[in-house]
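Subject: Structure handover

Hi,

Here is the structure you will be working with. Please open it and keep it beside this email as you read.

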Amino acid sequence: MNIFLLLVLLAEAVLLFRLEKKMWHTGYTPLNFLMIPYVAVLAITLLFAGHFGLDDFYYPSLLPWIAGLPLFALPGWLFFLAERRCPAVETPQLNHSQKSYLFQIYLAIAILIALSVRLVVLLVQGKGLIGSEAFGLLFASHGWAGHLLLLGVALMILLLFEKRTWLTWLVVAGMLFFLFVYQVKSWIILPLLSVFFALLISRRIKFSFQRAVWIGLGAVAVFFASYLLIYVSGNTLFPQFTTVGEQLKSISGLFLHYLTSGTLGLSADMQQGILEEPDWQYIFTPFYNLWFTLTGQPVVSGVNNEFLHTGINLTNVRGFFGTLFVFTRPAGFALCCLLFGTASQIVFWLFRHYKTVCTTLLFAWVCTVLFMGWFEYLFCLETIFEIPFWILFITFVQWIFCRS
């Protein structure tokens, strides 16, 4: 039975990939960005499950993905049938003027100055040391500094995609420094990953396994650097280990835990009969909170409160389809798969018909969020929607004031 479920998933993945390639003449589709990373991480999970302290894998946890992938793909098939009657017309890539570039640079410098002032004030007030997670959350997890940092992230994405000059890299280095101070690893990895995807889908660079390996190694380096910064700052994550070598060994175990936490998290959850109760607030948290804010009600969190042990550490993530499955079941699961498949396909359609910088970056961001589906369903986070908002805002301002 276990092997049968695995073979069904693999056969389905191969079939869906070939179908996507045949329909769209490209592998860069929403479904593939969601499906391929999950299959890769699943292979790693199966390789290490039952070893190095990790629990065994529960194969029925493949069922949400087996059911979810074709449901997510279905809207794309309908779009394809509609597009056969109205073929996509590729418009030329729009390049922004030097005026737009300087506007982005000046705005980024202003943000860096404001964040520097914020950092200095917190340090002078003795609120903590750079490197600790508590200090990072105090620095930019809320308020004007948090929104300003996300605006800076959007600018970083735009600058890296459009014009990679020495001035761009200087600004990007500043933004990355503040992202390290923030101490949320995903907000270092996601923007850089989205730029890489934007360059791929716009055909500015070609995919190669060598590039993919370097990107993967870069993400691993960010993970290790982030935790080593905690050690250097004096806030050791593993107090029982006093040397750098011991810390590195422990961080390696933690890396394996994070890599498998989505697949093994769902595995443990389904093996225990699913601990979560259906609650749509966990799926559409940003929209609930928008309404709650307008009506003066307390906002809610999209973070899963059920932590399960995978053998190395606790996890509260279940992967993209896993989270949809445990919080909606069963008809709601199908509806959500269709809904997110449709939304992703709409952005893909906009990119195919209007290949501007804005639509390219918006599609790349959606692909990035889907790519992380092996780890968790990220659309429950307000910040995921704030990045495209800032990209649209900057594009609109440039269209008004920076036209040549």
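A search of the whole structure turns up 2 salt bridges. A salt bridge here is a side-chain nitrogen of Lys or Arg within 4 Å of a carboxyl oxygen of Asp or Glu. Please note that this is a predicted model: local features need pLDDT of at least 70, side-chain atom pairs count only at pLDDT 80 or more, and totals for chains, interfaces and linings use all residues. Residues are numbered from 1 along each chain as its sequence is written, and side-chain values use heavy atoms, with hydrogens and water left out.

Start with D269 and R318. They form a salt bridge, with the closest N and O atoms 3.0 Å apart. This pair links distant parts of the chain, 49 residues apart. D269 lies in helix 10 (residues 244-271), and R318 lies in the loop between strand 2 and helix 12. Helices (H or I, at least four residues) and strands (E, at least two) are DSSP runs, numbered from the N terminus.

Now take E276. It forms a salt bridge with R318, and here the closest N and O atoms are 3.1 Å apart. This pair also links distant parts of the chain, 42 residues apart. E276 sits in the loop between helix 10 and helix 11 (285-294). Shared partners join D269, E276 and R318 into one network.

Is R318 buried or exposed? It counts as buried, because its relative accessibility is 1%. Buried means under 20% relative accessible area, exposed means over 50%, and partly exposed is in between (1.4 Å probe, protein chains only). D269 is buried, and E276 is buried too.

What else does R318 touch? Contact means heavy atoms within 4.5 Å. Leaving aside neighbours within four places in sequence, the contacts of R318 include G262, G265, L266, N304, E306, L308, F375 and E376. T323 and V326 are also among them.

Those two belong to helix 12, where both are buried. The buried ones include F320, F321, L324 and F327.

Next, the cysteines. How many disulfides does the structure hold? It holds 0. A disulfide would be a pair of cysteine sulfur atoms within 2.5 Å. For C337, the nearest cysteine sulfur is that of C336, 7.1 Å away. For C380, the nearest is again that of C336, at 12 Å. C337 is buried, with a relative accessible area of 0%. C380 is buried as well, at 6%.

Y106, I109, I113, V117 and V121 make a nonpolar patch of about 470 Å². Patches are made of residues with over 30% relative accessible area and no salt bridge; like charges are joined within 9 Å, and nonpolar side chains (Val, Leu, Ile, Met, Phe, Trp, Tyr) within 5 Å. Areas come from the Shrake-Rupley method with a 1.4 Å probe; for residues, only the protein chains shown count as cover. Y106 is found in helix 4 (residues 98-124). It is exposed, with a relative accessible area of 56%.

Last, find F389 in helix 15 (residues 382-401). It counts as partly exposed, at 47% relative accessibility. F389 and L151 are 238 residues apart along the chain, yet their C-alpha atoms are separated by 9.1 Å.

Best wishes
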